[in-house]
Amino acid sequence: MLTYNEAPNIGRTLERLAWARDIVVVDSFSDDETLGIVSSFSQARVYQRPFDSFAAQWNFALKQTGIETEWVLGLDADLVLTPESIDELQSLQPARNTHGYRAPITYCVYGKSLRYSLLPPLLVLYRRNVASYSADAHTYRVALQGDVGRLRAPILHDDRKPLRRWFQSQQQYMELEASKILTATPDKLNFADRIRRMRIVAPLAVFCYCLIKGGVLDGWGGLYYATQRSVAELLLSLYLLEHDLRLKKTRPAESPSEDLSSATSLAVATKSVDASR
């Protein structure tokens, strides 16, 4: 588990891990009550490491903290197990070629579970010896050799840190997401990122989509989530538009002769097309 100023979350997450024999926490030098809360759980071991990237932090946690178990449950500090997910984990009998499991994620707004979110199933359980982490824009991916199964019981995403912390994080995250979109070729982007590449379309699309999929039925919590996600997409659109404006400003202006040459070429090309019809 990775932490940085997770006092609003870490206690609830660790309480649901009372059954675990060994809990490894890699902390990025929190200056709130995070470490004090962690220290109240006897099976928790704390390592501190300056944050450079999520992938590097996770690889350190996995490979350099003395973990000896065959299987590892990798959780963010705001992911809370349910009684159903605990029972499922304890009853698992993985096949020899199954090296990991994805779990569905239920998004919560101050403890209230929503009917829908944009969060995909997460790879949270895996064999330690065949797992590694790689960077993916602002987040990370778990690379595995072997089959990946699917857990039935959901895990709760219940982040109760202040909204200002969310804004600070999203500014950093969306800048990295914009860099990923701008540097990738279109064939390497998924459907969502191709929509994002259209700049201003994504914020409105995400807002409407979240409300239609269940946000309306979730009341204020659903509206809060839909607004939150559309604001994040708006930040991303602003970074992309800023890139466009900077590129346009730094691009050298064409000289009059270049303008004339371009116009002449266009006229010739147009006549050629007309002649071929």
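Predicted model: local features only at pLDDT ≥ 70, side-chain atom pairs only at ≥ 80, totals over all residues.
Residues are numbered from 1 along each chain as its sequence is written, and side-chain values use heavy atoms, with hydrogens and water left out.

Starting with the helices, α7 (residues 201-215) and α8 (residues 219-250) have axes that come within 8 Å and cross at roughly 160°. Axes here are lines fitted to C-alpha atoms, for helices over the stretch in contact, with angles running from 0 to 180 degrees between N-to-C directions; helices are DSSP runs of H or I with at least four residues, and strands are E runs with at least two, numbered from the N terminus. That crossing makes α7 roughly antiparallel to α8 (an angle over 145 degrees). On the α7 side, the contact (heavy atoms within 4.5 Å) includes A202, P203, V206 and F207, and α8 brings in residues including Y225, R229 and E233.

Turning to the sheets, β1, β2 and β3 line up in that order in an open, parallel sheet. Strands count as paired if DSSP finds at least two bridges between them. β1 (2-3) and β3 (44-48) each have a single partner strand, so one side of each is left without a neighbour in the sheet. Within it, T3 sits opposite D27 of β2.

The other open sheet is mixed and runs β5-β13-β7-β8, with β5 (79-80) and β8 (112-113) as its edge strands. Here β7 (residues 105-109) runs parallel to β13 (residues 155-157) through 3 bridges, and Y107 has H157 of β13 as its bridge partner.

Notes: Parallel < 35°, antiparallel > 145°, perpendicular 65-115°, else oblique.
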